[in-house]
Amino acid sequence: MRRQGSLGQALVLLVLGFLAGCSAPRRTTMDVPTDAMRRPGTPTASGARITLEFQPRDSDAATQVRLAVERALPRMARWGTFDDSVAIIIHPNHAALERAANRPDHDFLRAWARYEQIELQSPRTWTLLGASQAQVDELLLHELTHSLMYQVASDRLGWTRKRIPLWFREGMASYTAEQGYRVTSLEDLARYWSTHPRADPLAQADTLYRRESDIVYGAAHHAFTFLARRYGEPVVRGILHAMSQGPDFAEAFTQAVGLSPDTFLQDFRRYIQWRGFKGGRQLRLAPPPTPEPLGIPP
């Protein structure tokens, strides 16, 4: 992967300890100059690590990212724990991010997450005044949720073959980062479906999101929220766990939820088109699961 700036500039590696209970780390191989500075991280019992790689000009941005990571970890624990390391590469400008993510002409993009690596445009460049800590916290929680989802659901060799749809990937990240305030409303989504009867921001998300990203991300957020509120977060964890045992997303979803993804999305569309969200109507919640014994003697 290309790096921006002079090759003589040092890349700084920060190591953060991760969640407890994970396997031993395998650091992503990177071309780090021999004069790179390294600072010891904060180890935990997990062994897995998050590493930050950046140029000296982005030292302040890296400090923001490190704090955002520390704040994100406990909020993601509801979905599981990391099984592997994650490298966050801070790129000095948007063009460098697009090249690293292989996503040309994505002006709205600020980061791109994979199983073991997150490409991040330096928060220093998000606006003329740079990004606030709150903005960095929110984005890193979103992106780290992607990587965690991939790691809980699969491994380095299999995560791209799970065929996890965009609505679930983006919806889970947006739901975890509580970004509902950013997306189009349920009423906006209902109007969109009434005026675009042949367009589906859920089933056709991959082809629509570049030109209609707002409605695609809004539909993803609301569909995942509908799933989590109607069936409960333990069912979402059940989908991820089922994928980790071998099945792809569709089969795992059917096992955990009790209906196919297509049937679920049809139910969600009816809820939106019939405006079931009006009048304070409550979603049916699944009963909470019976806690498993912890093996602690009385």
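Me: Which residues of helix α1 are buried?
Reply: In α1, A61, A62, Q64, V65, A68, V69, A72, L73 and M76 are buried. The word means under 20% relative accessible area; over 50% is exposed and the range in between is partly exposed (1.4 Å probe, protein chains only). The helices here are DSSP runs of H or I with at least four residues, strands are runs of E with at least two, and both are numbered from the N terminus. This is a predicted model, in which local features need pLDDT of at least 70, side-chain atom pairs count only at pLDDT 80 or more, and totals for chains, interfaces and linings use all residues. Residues are numbered from 1 along each chain as its sequence is written, and side-chain values use heavy atoms, with hydrogens and water left out.

Me: How do you know whether the span of α1 agrees with its number of residues?
Reply: The expected span is 1.5 Å times one less than the number of residues. For the 18 residues of α1 (residues 59-76) that gives 26 Å, and the end C-alpha atoms are 26 Å apart, so the two agree.

Me: What makes α2 count as largely enclosed?
Reply: In α2, 6 of the 8 residues are buried, and therefore the rest of the structure largely encloses this helix. The buried ones are H94, A96, L97, E98, A100 and A101. Their cover includes β4, β5 and β6, where a contact means heavy atoms within 4.5 Å.

Me: Why is A95 called partly exposed?
Reply: A95 has a relative accessible area of 38%, which puts this residue in the partly exposed class. A95 belongs to helix α2. Its C-alpha is 9.1 Å from that of D105, 10 residues away in sequence.

Me: What is found at the start of α2, and what follows the helix?
Reply: At the start, a side-chain oxygen of N93 comes to within 3.3 Å of the backbone nitrogen of A95. After α2 comes N102, with a positive phi near 55 degrees.

Me: What makes β4 count as largely enclosed?
Reply: Of the 6 residues of β4, 6 are buried, so the rest of the structure largely encloses this strand. In a regular strand, side chains alternate between the two faces of the sheet. In β4, V86, I88 and I90 lie on one side and A87, I89 and H91 on the other, and all are buried.

Me: How do you know that β4 pairs with β3 and with β6?
Reply: Two strands pair if DSSP finds at least two bridges between them. β3 (residues 49-54) and β4 have 4 bridges in the parallel sense, and β4 (residues 86-91) and β6 have 5, also parallel. I88 is the bridge partner of L52, and I118 in β6 is the bridge partner of I88.

Me: Which sense of pairing do β5 and β6 have, and what do they form?
Reply: β5 (residues 111-113) and β6 pair in the antiparallel sense over 3 bridges. They form a hairpin with 3 residues between them. In β6, L120 is the bridge partner of A111.

Me: Why is β6 called mostly covered?
Reply: β6 (residues 117-121) has 5 of its 5 residues buried. Q117, E119 and Q121 point one way, I118 and L120 the other, and all are buried.

Me: Why is Q117 called buried, and what does its side chain contact?
Reply: Q117 has a relative accessible area of 8%, and so is classed as buried. Its side chain makes a polar contact of 2.7 Å with the side chain of E119. A polar contact is a pair of N or O atoms within 3.5 Å; within protein, one must be able to donate a hydrogen and the other to accept it, and residues adjacent in sequence count only if both atoms are side-chain atoms.

Me: How many aromatic pairs does a search of the whole structure find?
Reply: The search finds 20 aromatic pairs. One of them is F108 with Y217, at 6.4 Å centre to centre and 70 degrees between the planes, an edge-to-face pair. F108 is in the loop between α2 (94-101) and β5, and Y217 is in helix α7 (residues 213-231), 109 residues apart, so the pair links distant parts of the chain.

Me: Why is a pair called edge-to-face?
Reply: Rings of Phe, Tyr and Trp (its six-membered ring) pair if their centres lie within 6.5 Å; planes under 30 degrees apart count as stacked, over 60 as edge-to-face and the rest as tilted.

Me: Which accessibility class do F108 and Y217 fall into?
Reply: F108, at 35% relative accessibility, counts as partly exposed. Y217, at 24%, is partly exposed.
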